[in-house]
Amino acid sequence: LNPHLVALAGEDGVFYWGEGELTADGKLVAWCDQVKKPVRIQYCHSAYPPNVNFRRAEDGYPVFPFDEAL
């Protein structure tokens with residue numbers, strides 16, 4: 001499964017829901033039509049995230065929510 005609950009923001013700081021895909025080497029690639037030049041990414045950034053489906057390859061545990069600069 002590809003990760004969902006991915007959001008991207010541009011310079012204006014407004015987040016939009018996007019799409020996520022895991023590469024063969026385990027990296028997350030994300031994109032969103034509303035954000036042409038992302039500067040931040042969030043994953044599962046919600047008080048009660050539903051259906052968490054992004055899991056660590058090494059042990060199968062869910063990836064912790066994050067908010068990171070790109």
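Predicted model: local features only at pLDDT ≥ 70, side-chain atom pairs only at ≥ 80, totals over all residues.
Among the contacts in this chain between residues at least 6 apart in sequence, 48% join residues at least 24 apart, where contact means heavy atoms within 4.5 Å. Residues are numbered from 1 along each chain as its sequence is written, and side-chain values use heavy atoms, with hydrogens and water left out.

Let me turn to the overall build. The secondary structure comes to zero helices and six strands, with helices (H or I, at least four residues) and strands (E, at least two) taken as DSSP runs and numbered from the N terminus. For 70 residues a compact globule would have a radius of gyration near 11 Å, and the 12 Å of this chain agrees with that; the radius is taken over C-alpha atoms, and the globule rule is 2.2 Å times the number of residues to the power 0.38. Along the principal axes, the C-alpha atoms fill a box of roughly 35 × 30 × 20 Å.

Now to the sheet. Four strands form an open sheet in the order S2-S1-S5-S6, with antiparallel pairing, and two strands are said to pair if DSSP finds at least two bridges between them. Strand S2 (15–17) and strand S6 (66–69) stand at the edges, each with a single partner strand, so one side of each is left without a neighbour in the sheet. On average, neighbouring strands of this sheet are turned by 25° against each other, direction ignored, the axes being lines fitted to C-alpha atoms, for helices over the stretch in contact, and angles running from 0 to 180 degrees between N-to-C directions. S1 and S2 pair in the antiparallel sense over three bridges, and the bridge partner of Ala7 in S2 is Trp17.

The remaining pair is S3 and S4. Strand S3 (residues 19–22) runs antiparallel to S4 and is joined to S4 by four bridges, with Leu22 standing opposite Leu28 in S4. These two strands form a hairpin with five residues between them, and Gly26 in the turn has a positive phi of about 85°.

What does the largest nonpolar core consist of? Its ten residues are Leu5, Val6, Leu8, Cys32, Val35, Ile41, Tyr43, Cys44, Phe54 and Val63, a nonpolar core being a set of buried Ala, Val, Leu, Ile, Met, Phe, Trp, Tyr and Cys residues joined through side-chain atoms within 4.5 Å. Strand S1 (6–9) and strand S5 (40–43) are the elements that give two or more residues to this core. Leaving aside its neighbours within four places in sequence, Ile41 is in contact with residues including Val6, Leu8, Phe15, Leu28 and Phe66.

Cys32 counts as buried at 9% relative accessibility, and Cys44 does at 3%, where buried means under 20% relative accessible area, exposed over 50%, and partly exposed in between (1.4 Å probe, protein chains only). The sulfur of Cys32 is 17 Å from the closest cysteine sulfur, in Cys44, too far for a bond; the count comes to zero disulfides, a disulfide being a pair of cysteine sulfur atoms within 2.5 Å.

Finally, Val39 lies in the loop between strand S4 (28–31) and S5, and at 24% relative accessibility Val39 counts as partly exposed. Beyond its neighbours within four places in sequence, Val39 is in contact with Ala9, Gly10, Glu11, Glu68, Ala69 and Leu70.
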